[in-house]
Amino acid sequence: MCGIFGCISKDVKVAPVIRAALKRLEYRGYDSVGVATLHEGGIHIKKDQGKIDEVHRLYNLDDLPGNVGIGHTRWATHGAPYQANAHPHIDCLGEIAVVHNGIIENFSELKAELESSGHKFRSKTDTEVIPHLIEDNLKKGLGLVEATLEALKRLRGSYAIAVISSREPDKIVCARMESPLVLGLGENAVYCASDIPAFLPLTNRAVVIENGELVILRADGYEIRSIEDWKQIIREPEIIEWTAEMAEKQGYPHFMLKEIHEQPRCLTNTLRLQDQYLDLMATFLDRAGEVFLVAAGTSYHACLAASYMFSELAYLATHPVIASEFIEQEGMAVNINSTILAVSQSGETADTLSAVDYARNRAATILGLTNVVGSTLTRISRVYIIQQSGPEIGVAATKTFTSQLSVLAQLALRVAKIRGKVGHKQIEEIEEKIRRIPEIVEETIRENEDRAKKIARKYKDKPVFFFLGRGISTATAMEGRLKLMEITYIPSIAYPAGESKHGPISLIEPGFPVVFVCPMDETRKMIIGNIMEMKARGAMILSVIEKGDEEIKKLSDDYFEVPGNLPKVLTPIAFVVPLQLMAYYIAVEKGLNPDKPRNLAKSVTVK
Ligand code: F6R
């Protein structure tokens, strides 16, 4: 998730405007920053790694000349955040500059094709194919708009782009496919941006650009066209009433809620990962003597779920281990045949890194799954995968958890394919469901949000909660419990349901809330038994059920329903969502700020 911005003005020098706008977009990423402007027939660029203020201190971004320009603040997805990879990217002749937010899925093929016809690439980014494609089209005699249009038709994936060219300094061409793009209409200038806060202090007149649209911005207006059939689209601006702070959260009261709602989009991003890295990692996992899945907190819960996925699909035994326990628990068993798959959203969690360091010193193979390009985990992993969730600002992990699960399920499927343990039909069914998971999660949010509000009002004063699940749902129950506990401060416990009668059931007394995670898998009959045990002791049953599971519905005091009829290995991705919503709304009911729970930090860099 990067931030892009463009500004074309009748008479104002745009560089300071662009820098200020990028600063307001910094929450979308801050690995590197760059600005390009047009002046006297040439493109002027300043860019480097680092946050906007740091880069500005070194280069004075404001003194770039000209009334037309584009800028970018980067959340790295392809290529580490060093200077050459910072946007804007240019063509061979330095006549075209492009900023981009999104992922170009087929960039490897396009890059190979462009290189073989003589184009010279300066970066490792997927974005750089765009200016080179446009360059080719300009050479064929097309104007900038048509050249950009033709280039877009070759791209697969997601993008919001803004393009300028010294050949046509009277315009910015921008376009959208999935990644957000909004226009702002000021008195003397027109803006395009990833998000409204970028231009909100300058104007509150905005036009939201839809998927598949290209826009030609001129200093006195805009023209929207359909990329598919070039039909003109007339769309009047709307007046935005948000404050700057509200706009940064896209109108949501908290980042956590915004990030819960971002999950469908993040899950779509996980379906666009580069095959070669998934395959390579799957090969390492297949060949490992033994596999340890190492992580902390929410990421550990992803690992716990993954251990069920690898076993179920690939017949691969893996050991999920809490990072801070790894050395004590498994240390002496780690050797050259061991493979460590470390999972860390931030890639900087000290407990995880120290487990990894230890394992590296014992010659183990290190694989990494993280959300942050350039993080320490990426630097010390033999192979790493970036989960592409964009920055997560709420301290409680939500979107990064479900994305981790999606990546891990895809990895398990690939190992399954290598091993040939699971039939084609089952693999195809699961692949089909993975593709549908973004829409299933979207539906889950839509259908459960009001219910979560009601349940939050009803349960907010309960002094303690119990979360139970069986099989892979144990991981879901544990994550539901962590979400509730960390942002509402309600003490909670979670167990595999079968374990509850070995001790924890003694806690139960009338009115005690017990949350059951109950997908329709083979554990369901036994879960019903556990529900009965709890009911018999007066517990209040709050269940997360498969849509249409009337039997458990009747046994429950309250329930959330999850659509989609998911295969067991994918259930945590959707079943955790109502529990995220419930935790969020209970925190709000209690007057707490879910984005900033006390005593916690987003990235725990101390052991
Ligand atoms: C919980 C939460 C933490 C993190 C944990 C690991 O909502 O956010 O439990 O999951 O600190 O962080 P990463 O994944 O960055 O290693």
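**Exercise 1.** How do the axes of helix H3 and helix H4 cross, and which residues make the contact?

*Solution.* Start with the helices, which are DSSP runs (H or I, at least four residues) numbered from the N terminus. In this predicted model, local features need pLDDT of at least 70, side-chain atom pairs count only at pLDDT 80 or more, and totals for chains, interfaces and linings use all residues. Residues are numbered from 1 along each chain as its sequence is written, and side-chain values use heavy atoms, with hydrogens and water left out.

Next, the axes of H3 (residues 107-116) and H4 (residues 129-139) come within 10 Å and cross at roughly 45°. Axes are lines fitted to C-alpha atoms over the stretch in contact, with angles from 0 to 180 degrees between N-to-C directions.

Finally, the contact (heavy atoms within 4.5 Å) involves Phe107, Leu110, Lys111 and Leu114 of H3, plus Val129, His132, Leu133 and Asp136 of H4.

**Exercise 2.** Are Tyr191 and Phe199 buried or exposed?

*Solution.* Buried means under 20% relative accessible area, exposed over 50%, partly exposed in between (1.4 Å probe, protein chains only). Tyr191 has 7% relative accessibility, so Tyr191 is buried. Phe199 comes out at 0%, so Phe199 is buried too.

**Exercise 3.** Where does the charged end of Arg598 sit?

*Solution.* Look for a ring with CZ of Arg (or NZ of Lys) within 6 Å of its centre and within 35 degrees of the ring normal. The charged end of Arg598 sits over the ring of Tyr489, 3.7 Å from the ring centre.

Conventions:
Helix = DSSP H or I, 4+ residues; strand = E, 2+ residues; numbered from the N terminus.
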